[in-house]
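Welcome! Let's take a friendly walk through one protein chain, with a few stops along the way.

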Amino acid sequence: MDAVTALDVATAGFADALSRVVPDHWAAPTPNPGWSVHDLVNHVVGGNRRYVLLLAGAPTDVVESLRDVDHLSQDWSRDFALTSREVAAAFREPGVLERTVHHRMGDRSGRQLLTMRITEHALHGWDLAKAIGIGYQIHDGVAAVLLDEMASDPLIAGGFTPLAGPSELVGSEKLLALTGRR
């Protein structure tokens, strides 16, 4: 599976979990310390918006000004669908994966940003599912893409605190353990 397809598949997984969210879930805690379901969904939708701006070359201060904004309307599934289509289209622009982007954590290639977006959609889909009490499996192809990227790029793997576990873990279970999730 190529990385752009992995983004599409991870996005579909998050969208499926999001389609099961009801208003009573908004205040529920997530596996992300200090985040409610609303906070998590807002983070993912806001991230989509920020990445579209990053890939378009927007200044860091403009991108960062969106970090503390509530990006969700009453139709949160539509908000996610719209911003997901926009970010997927941005990653399909010719030459974008080779472009250097000025991210708040330092310069990143478009490819690194794509991996970061796949990671957000896949792992936060898992987090969302756990928060609302539904089953969720990260697609094996998505896990393979992310594990390959983590193995080859210390900037991608560096943001996670891995859990100790059996070395025989593979696929999504290995990805979850490497990112501190059970």
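How does Arg-20 count: buried, exposed or partly exposed? At 42% relative accessibility, Arg-20 counts as partly exposed; the scheme calls a residue buried under 20% relative accessible area, exposed over 50%, and partly exposed in between (1.4 Å probe, protein chains only).

## About the model

This is a predicted model, where local features need pLDDT of at least 70, side-chain atom pairs count only at pLDDT 80 or more, and totals for chains, interfaces and linings use all residues. Residues are numbered from 1 along each chain as its sequence is written, and side-chain values use heavy atoms, leaving out hydrogens and water.

## Helix H1

Let's begin with helix H1, which covers residues 3–18. Helices are DSSP runs (H or I, at least four residues), numbered from the N terminus. The expected span is 1.5 Å times one less than the number of residues, and for the 16 residues of H1 this gives 22 Å, in agreement with the 22 Å between its end C-alpha atoms.

Among the buried residues of H1 are Leu-7, Ala-10 and Phe-14. The buried residues of H1 pack against H2, H4, H5 and H6, where contact means heavy atoms within 4.5 Å.

## Salt bridges

A salt bridge is a side-chain nitrogen of Lys or Arg within 4 Å of a carboxyl oxygen of Asp or Glu. By this rule the count comes to 6. One of them joins Asp-8 and Arg-92 (2.4 Å, N to O). Asp-8 lies in helix H1 and Arg-92 in the loop between H4 and strand E1, so the pair ties together parts 84 residues apart in sequence.

Our opening residue, Arg-20, meets Asp-16 in a salt bridge at 3.2 Å. Another pair is Arg-181 and Asp-127, at 2.8 Å. Arg-181 lies in the segment after helix H8 and Asp-127 in helix H5, so this pair links parts 54 residues apart in sequence. Arg-181 counts as buried at 11% relative accessibility, and Asp-127 counts as buried at 1%.

## Arg-117 and Val-44

What about an arginine without such a partner? Arg-117, in helix H5, is buried yet has no salt bridge; the nearest side chain of opposite charge, Glu-120, is 4.2 Å away. The side chain of Arg-117 does reach the backbone oxygen of Val-44, at 3.1 Å.

Val-44 sits in helix H2 and is buried, with a relative accessible area of 0%. Leaving out residues up to four places away in sequence, Val-44 touches Phe-14, Phe-80, Arg-117, His-121 and His-124.

Notes
Helix = DSSP H or I, 4+ residues; strand = E, 2+ residues; numbered from the N terminus. Lys, Arg positive; Asp, Glu negative; His and termini not counted. Polar contact = N/O pair within 3.5 Å; in protein donor to acceptor, adjacent residues only side chain to side chain.
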